[in-house]
Amino acid sequence: MNHHVNPAKVATTVGAFLGGLHLLWSIFVAFGWAQAAVDFGFWMHMISLPFVVKAFNLSAATALIVATTIVGYVLGFVFARIW
């Protein structure tokens, strides 16, 4: 059985996944749903912290999505090469 993985495919998949999650987060912030999601997550974990989601900022959202996509790509590639 072949246990090799294609590093470029793994990197693309992990990068798209992490970038996609942060795209979803940016959409939540843009529609005003993020604070409720954060509050619910903390409630489920029985944590009380004073985190407040700020107003949507397109340049910050773009930077977040691009950065996490790149980090995901690099991590996916490295882990696939190690595998």
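Val-14 is located in helix H1, where helices (H or I, at least four residues) and strands (E, at least two) are DSSP runs numbered from the N terminus. The model is a predicted one, in which local features need pLDDT of at least 70 and side-chain atom pairs count only at pLDDT 80 or more, while totals for chains, interfaces and linings use all residues. Residues are numbered from 1 along each chain as its sequence is written, and side-chain values use heavy atoms, with hydrogens and water left out.

Val-14 has a relative accessible area of 28% and is therefore partly exposed; buried means under 20% relative accessible area, exposed over 50%, and partly exposed in between (1.4 Å probe, protein chains only). Its C-alpha atom is separated by 30 Å from that of Leu-49, 35 residues apart along the chain. Leu-18 is also placed in helix H1 and, at 24% relative accessibility, counts as partly exposed. Between Leu-18 and Ile-65, 47 residues apart in sequence, the C-alpha to C-alpha distance is 8.1 Å.

The loop between helix H2 (34–44) and H3 contains Met-46. This residue is not a glycine, yet Met-46 has a positive phi of about 60 degrees. With a relative accessible area of 75%, Met-46 is exposed.

Leu-58 belongs to helix H3 and is exposed, at 59% relative accessibility. The C-alpha atoms of Leu-58 and Ser-26 are separated by 8.7 Å, the two residues being 32 residues apart along the chain. Val-74 lies in helix H3; its relative accessible area of 44% makes Val-74 partly exposed. Val-78, in helix H3, is partly exposed at 38% relative accessibility. Val-78 and Ala-63 are 15 residues apart in sequence, with 22 Å between their C-alpha atoms.

Val-74 and Val-78 are among the members of a nonpolar patch on the surface, together with Val-66, Ile-70, Val-71, Tyr-73, Leu-75, Phe-77, Phe-79 and Ile-82. The accessible area of the patch is about 910 Å² together, by the Shrake-Rupley method with a 1.4 Å probe; for residues, only the protein chains shown count as cover. Patches consist of residues with over 30% relative accessible area and no salt bridge, like charges being joined within 9 Å and nonpolar side chains (Val, Leu, Ile, Met, Phe, Trp, Tyr) within 5 Å. A salt bridge is a side-chain nitrogen of Lys or Arg within 4 Å of a carboxyl oxygen of Asp or Glu.

The largest pocket holds about 190 Å³ of space. A pocket is an open set of points on a 1 Å grid over the protein atoms alone, where a 1.4 Å probe fits, with protein on both sides within 12 Å along at least five of seven lines; lining residues have an atom within 4 Å of a point. Helix H1 (7–31) and helix H3 (58–82) each contribute at least two residues to the lining. The lining residues are Trp-25, Ser-26, Val-29, Val-53, Lys-54, Ala-55, Phe-56, Asn-57, Ala-60, Ala-61 and Leu-64. By class, 8 are nonpolar, 2 polar and 1 charged.

Terms used:
Points joined across faces, edges and corners; volume = space filled by probe spheres on them. Nonpolar A, V, L, I, M, F, W, Y, C, P; charged D, E, K, R; others polar.
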